[in-house]
Amino acid sequence: MIGSMFVGLLVGLLAGALTNRGERMGCFGKMFLGWIGAFIGHLLFGTWGPIIAGTAIIPAVLGSMIVLAIFWRRGS
């Protein structure tokens with residue numbers, strides 16, 4: 001549980017930094033974003049790349065970037 005929380009936060013922070021969106025989401029928002037992004041990334045891109053705590057990082061970040069691009073406006 002702690003591992004998935006850490007990975008979700010890491011993925012959410014990476015996606016937010018790469019897209020410049022969701023700056024005001026907070027830690028729990030970015031963790032939730034990382035979880036949703038990992039789910040969507042796994043569905044769309046499969047499991048490849050480095051794996052931490054059972055989560056493939058590259059597809060998870062790509063999925064999180066997609067979620068951010070669709071749902072969050074810049075500066076919100």
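Student: Which elements do the buried residues of α2 pack against?

Tutor: The model is a predicted one. In it, the buried residues of α2 pack against α1 (2-19), β2 (55-56) and α3 (57-71).

Student: Which residues of α2 are called buried?

Tutor: They are Lys30, Met31, Leu33, Gly34, Gly37, Ala38 and Gly41. The word requires a relative accessible area under 20%.

Student: How do you know that they lie on the same side of α2?

Tutor: The arc that they cover around the axis is only 160°, which puts them on the same side of the helix. The face turned away from that buried side carries the exposed residues Phe28, Phe32, Phe39 and Leu43.

Student: How do you know that the span of α2 agrees with its number of residues?

Tutor: Helix α2 runs over residues 26-45, which is 20 residues. At 1.5 Å a residue these should span 28 Å, and the end C-alpha atoms are 27 Å apart, so the two values agree. Just after α2, Gly46 takes a positive phi of about 80°.

Student: What is found when the span of α3 is tested at 1.5 Å a residue?

Tutor: The 15 residues of α3 should span 21 Å, and its end C-alpha atoms are 21 Å apart, which agrees. Buried in α3 are Ile57, Pro59, Ala60, Val61, Gly63, Ser64, Val67 and Leu68. These buried residues pack against α1, α2, β1 and β2.

Student: Why are α1 and α2 called roughly perpendicular?

Tutor: Their axes cross at roughly 95°. Angles of 65 to 115 degrees count as roughly perpendicular, and α1 and α2 are therefore described in that way. The two axes come within 7 Å.

Student: Which residues of α1 meet which residues of α2?

Tutor: From α1 the contacts involve Ser4, Met5, Gly8, Leu9, Val11, Gly12, Leu13 and Gly16. From α2 they involve Cys27, Lys30, Met31, Leu33, Gly34 and Trp35.

Student: Why is Gly29 called partly exposed?

Tutor: Gly29 is in helix α2. Its relative accessibility is 21%, whereas buried means under 20% and exposed over 50%. Gly29 therefore counts as partly exposed. Gly29 and Gly8 are 21 residues apart in sequence, and their C-alpha atoms are 9.8 Å apart in space.

Student: Why does Thr55 count as buried?

Tutor: Thr55 is in strand β2. Its relative accessibility is 18%, and the limit for buried is under 20%; Thr55 therefore counts as buried. Leaving aside residues up to four places away in sequence, Thr55 touches Val7, Ala38, Pro50 and Ala60.

Student: What makes Ala53 exposed?

Tutor: The relative accessibility of Ala53 is 53%. Exposed means over 50%, so Ala53 counts as exposed. Ala53 lies in the loop between β1 (51-52) and β2. Although Ala53 is not a glycine, its phi is positive, at about 55°.

Student: Which residues make up the largest nonpolar core?

Tutor: There are six residues in all: Val7, Val11, Ala38, Ile57, Ala60 and Val61. The elements that give two or more residues to this core are α1 and α3. With three residues, α3 gives the most. Apart from it lies another core, of five residues, among them Ala15, Leu33, Val67 and Leu68.

Student: What does Val7 touch, not counting residues up to four places away in sequence?

Tutor: On that basis, Val7 touches Ile52, Ala53, Thr55 and Ile57.

Notes:
Residues numbered from 1 in each chain as written. Predicted model: local features only at pLDDT ≥ 70, side-chain atom pairs only at ≥ 80, totals over all residues. Heavy atoms only, no water. Helix = DSSP H or I, 4+ residues; strand = E, 2+ residues; numbered from the N terminus. Expected span 1.5 Å × (residues − 1). Buried < 20%, exposed > 50% of the residue type's maximum accessible area, 1.4 Å probe, protein only. Arc of directions from axis to C-beta. Contact = heavy atoms within 4.5 Å. Core = buried A, V, L, I, M, F, W, Y, C linked by side-chain atoms within 4.5 Å. Axes fitted to C-alpha atoms, helices over the stretch in contact; angles between N-to-C directions. Parallel < 35°, antiparallel > 145°, perpendicular 65-115°, else oblique.
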